[in-house]
Amino acid sequence: MKPIECVLAVETSCDDTSVAIVKDSGYVVCQVSAHQDLAHAPYGGIVPEIASRNHSVALLPLITHVLEKAQLNWSQINGLAVTNRPGLIGSLIVGIMTIKTISQAYDIPLIGVNHLEGHLLAPFLKDDQYAPPQVFNYPYLALAVSGGHTSLYWVAEFGQYTVVGTTKDDAAGEAFDKFAKMAGLGYPGGAQVDRFAQNGNTAAYDFPRSLAIEDNLMMSFSGLKSSAQRMLEKMGPEEVLKNRGDLCASFQEAIVDILVKKMIRASERFNCKKIVLTGGVSANTRLRAQFQAVALKHNFQVVIPPLRYCTDNAAMIAYTGLLKLQRGEKSDLTLGPSSQSFENDFKFDLQ
Ligand code: KG4
Ligand code: ZN
């Protein structure tokens, strides 16, 4: 069997269709993604049927496009990877069936990858515009914050991940999106809140920071969401519109505050100064700035991969799949989708 040096991966776990080719150094030869925000915007959230239908329209042209852009053919691809968990079942099926078919047609080994493991390994990706810090390796702490998940991981080494803190209720991205919807800012809302917050006062409104000062690594965002709902209802649409900047800045500050505090606490618990911030919410301007400020103050090494590797992307899946295939792991045609992680994917030691 040829050594695994070049893997093509497909990511369709939610509403982004992404295809990438990655080499064994973590070098991303090419990545292309198609977003569906406009298709879901009228509904104020992701509609699973629309997501899977759009994946099935976009995926094959994207695969062809990636191969052409990378100037590679199937004989030069010696591994295939696909996200098979956790995610929306209909969306996952589109990626899995496509990769299985390619695997059969061209006799290329395939591997199913956990989407969250991909996020955790994103700091090792590089390309012509971006290289991770030269001295960065296991073990490290990773905070993965997106629309579907908000958890703190202890990444001991490749394949050994422990969830050490998580949200008890909503994900931080979900809180951003719901706040944006209530304030009439459209969908997806996180980026809009970020934009309006730029001109706002972070202390104008007092939002709760549940669990933030408790000496553990658990988080909660539903109290914040309910408190915002009550405040916005009391104010009414006109006043909300007038004070949009201050509302967004204050709401955002509460989320950033919780995440930064938990990250510092985790660093103390694990005596670890290597921190990775990843997931779609890591696009947030204030969160990035506060993480960098804390890094300076506490002498942390903070790694925030570029946005193309923080949001849902196929490069992180290709790299994870590549490491697994190199280790001799393989999936077969029984590979199926799962809305949850598998039992052995992560250990749990909630602190
Ligand atoms: O990782 P991601 O692309 O998809 C998953 O949820 O898996 O993350 C999307 C989430 C959404 O909740 C979106 O509102 C949020 O990331 N987001 C942001 C920003 N950009 C995207 N949240 C706050 N500030 C942003 N600039
Ligand atoms: Zn994700």
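This is a predicted model: local features need pLDDT of at least 70, side-chain atom pairs count only at pLDDT 80 or more; totals for chains, interfaces and linings use all residues.

Q: What is the peptide bond from Tyr138 to Pro139, cis or trans?
A: That bond is cis, with omega near -5°.

Q: OK, now the metal. What coordinates the zinc ion (ligand 2)?
A: His115 and His119, each through NE2, and Asp312 through OD, at 2.2 Å.

Q: How are those donors spaced along the chain?
A: The spacing is H-x3-H-x192-D. His115 and His119 are four residues apart in helix α4 (residues 115–121), so about one helical turn separates them.

Q: And are those two histidines buried or exposed?
A: Both His115 and His119 are buried.

Q: Switching to the inside. Which residues touch the most other members of the largest nonpolar core?
A: That core has 53 residues, and Phe207, Phe221, Leu247, Phe251, Ile255 and Phe291 have the most contacts with other members. Elements giving two or more residues to this core include β6 (140–145), β7 (150–157), α7 (222–242) and α9 (285–298).

Q: Which element gives the largest share?
A: α8, with 13 residues.

Q: What does Leu247 touch?
A: Leaving out residues up to four places away in sequence, Leu247 touches Phe179, Tyr205, Phe207, Met231, Leu232, Met235 and Val240.

Q: What about a second core?
A: There is a separate one of 38 residues, and Phe124, Ala142, Tyr153 and Tyr161 are among them.

Q: Pockets next. What is the volume of the largest pocket?
A: About 1,500 Å³. The lining consists of 45 residues, with Cys14, Ser146, Gly147, Gly148 and His149 nearest the centre of the pocket.

Q: Which elements give two or more residues to that lining?
A: α4, β7, β8 (160–166), α5 and α6. Of these, α5 gives the most, six residues.

Q: How does the lining divide into nonpolar, polar and charged?
A: It has 16 nonpolar residues, 20 polar and nine charged.

Q: Last topic, backbone angles. What is the phi of Asp107?
A: Positive, about 55°, although Asp107 is not a glycine. Asp107 lies in the loop between α3 (89–106) and β5 (110–114). Its relative accessibility is 71%, so Asp107 counts as exposed.

Q: And what is the phi of Asn271?
A: Asn271 is not a glycine either, and its phi is positive at about 50°. Asn271 is in the loop between α8 and β9.

Q: Why does Asn271 count as exposed?
A: Because its relative accessibility is 71%, and exposed means over 50%.

Key
Residues are numbered from 1 along each chain as its sequence is written. Chains are lettered from A and ligands numbered from 1 in the order in which they are written. Side-chain values use heavy atoms; hydrogens and water are left out. Donors are N, O and S atoms within 2.8 Å of the metal (3.2 Å for Na, K and Ca); water is not among the atoms, so sites may look incomplete. Buried means under 20% relative accessible area, exposed over 50%, partly exposed in between (1.4 Å probe, protein chains only). A nonpolar core is a set of buried Ala, Val, Leu, Ile, Met, Phe, Trp, Tyr and Cys residues joined through side-chain atoms within 4.5 Å. Contact means heavy atoms within 4.5 Å. On a 1 Å grid over the protein atoms alone, a cavity is a set of points where a 1.4 Å probe fits but cannot get out, and a pocket is an open set with protein on both sides within 12 Å along at least five of seven lines; lining residues have an atom within 4 Å of a point. Grid points are joined across faces, edges and corners, and a volume is the space filled by probe spheres set on the points. Ala, Val, Leu, Ile, Met, Phe, Trp, Tyr, Cys and Pro count as nonpolar, Asp, Glu, Lys and Arg as charged, and the others, Gly among them, as polar.
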